[in-house]
Amino acid sequence: MMGAVVITGAGSGIGRALALAYAEPGRVVLLLGRRRTALQETAVQVCARGARAELQTVDVCDGAALDRIAADFARDFGPVAVLIANAGISHGTLTAEPADRTVFAEIVATNLIGVETTCGAFLPYLAPQARIVGIASVAGFRGLPGAAAYSASKAGAIAYLESLRLELRDRGIRVCSIAPGYVATPMTAENHYPMPWLMPVDQAAAKMRRAIDRGRPWCVLPWQMAVLGTLLRHLPIAIYDPIFARVAGKQRRTGDDAAES
């Protein structure tokens, strides 16, 4: 599927890998993110593959800014074929820690509200048969210890994307929710616990592109995590709680920046 591609959180991790997965001669890729230097690094790699890279620094929580960017991009480059709402941040949060309240709000705003603002801004400019993609997480299947904000935000993103899929069903626009397990990115580099089936980010992006291009509504990867995720979603509380109460939680924020996906 040729046509313009828009990706949020394109400065690193999954966002950068997806930008490269879609970088083909004749394609325009709009890279969105908060860090201009990181976006410029992605743009160089995208252009090296023959595509045209456009970039804009923006916080996905800023709906007005996204509206302006979407309108300007559509005016200059036409309809968007693939919209990927990838921007996400992650840190551990504890309700017992008052200092974590601000972090909780930031994570939910970026990972959930940011998906809606991204989709809402670009929806008027999508091509017929376009793809909308949201990068969720297997962390949204059940509440994980020490990761209340991240789990809640990703569970909300999954539910939102499902509702959006139904909303757009009659318009021919395909909505795909992708729930990765562990992918080797700056975000997972902060984890200090075992990460089974950790995938190289370029391999994950290639699998994601195949799912997107095929119009799949739901994709969990790798397949081992899809099996485990299904089991976790149906595991009785009497079994789930004693096991996961002893699992190490995500690291809480120690600096000013949250890791991006």
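Reader: How are helix 1 and helix 2 oriented to each other?
Author: Happy to start there, with the note that this is a predicted model. Helix 1 (residues 13-22) and helix 2 pack at an angle of about 25°, with their axes 9 Å apart. Angles under 35 degrees count as roughly parallel. Helix 1 and helix 2 are therefore roughly parallel to each other.

Reader: Which residues of helix 2 does helix 1 meet, and how do the residues of this contact divide by class?
Author: From helix 1, the residues taking part are Arg16, Ala19 and Leu20. Their partners in helix 2 are Ala38, Glu41, Thr42, Gln45 and Val46. Divided by class, the contact of helix 1 with helix 2 has 4 nonpolar, 2 polar and 2 charged residues.

Reader: Where does helix 2 lie against the sheet, and at what angle does helix 2 run to strand 3?
Author: Helix 2 spans residues 36-48 and lies across strand 2 (28-33) and strand 3. Its angle to strand 3 is about 170°.

Reader: What is the order of the strands in the open sheet, and which strands are at its edges?
Author: Good thing to look for next! The open sheet has 7 strands with parallel pairing, in the order 3-2-1-4-6-7-8. An edge strand pairs on one side only, and here the edge strands are strand 3 (52-57) and strand 8.

Reader: How many bridges join strand 7 to strand 8, and what is the hand of the crossover between them?
Author: Strand 7 (residues 174-180) and strand 8 (residues 218-221) run parallel and are joined by 4 bridges. On its way from strand 7 to strand 8, the chain passes through helix 6 (residues 201-213), and this β-α-β crossover is left-handed.

Reader: At what angle do helix 3 and helix 4 cross, and what is the hand of the crossing?
Author: The axes of helix 3 (residues 63-77) and helix 4 (residues 100-122) come within 8 Å. They cross at roughly 35°, and the crossing is right-handed.

Reader: Which residues does helix 4 bring to its contact with helix 3?
Author: Start on the helix 3 side, where you can find Gly63, Leu66, Asp67, Ile69 and Ala70. By class, this contact of helix 3 with helix 4 has 5 nonpolar, 3 polar and 1 charged residues.

Reader: Why is helix 4 called roughly parallel to helix 5?
Author: The axes of helix 4 and helix 5 (residues 148-167) come within 8 Å, in a right-handed crossing. Since angles under 35 degrees count as roughly parallel, helix 4 is roughly parallel to helix 5 because their axes cross at roughly 15°.

Reader: Which strands does helix 5 lie across, and where does Gln129 lie?
Author: Helix 5 lies across strand 6 (126-135), strand 7 and strand 8, running at about 160° to strand 7. Most residues other than glycine have a negative phi. Gln129 is not a glycine, but has a positive phi of about 65°. You can find Gln129 in strand 6.

Definitions and conventions: Residues numbered from 1 in each chain as written. Predicted model: local features only at pLDDT ≥ 70, side-chain atom pairs only at ≥ 80, totals over all residues. Heavy atoms only, no water. Pairing = 2+ DSSP bridges. Helix = DSSP H or I, 4+ residues; strand = E, 2+ residues; numbered from the N terminus. Right-handed = clockwise from strand over helix to strand, strands pointing away. Axes fitted to C-alpha atoms, helices over the stretch in contact; angles between N-to-C directions. Left-handed = near helix turned anticlockwise from the far one by under 90°. Contact = heavy atoms within 4.5 Å. Nonpolar A, V, L, I, M, F, W, Y, C, P; charged D, E, K, R; others polar. Parallel < 35°, antiparallel > 145°, perpendicular 65-115°, else oblique.
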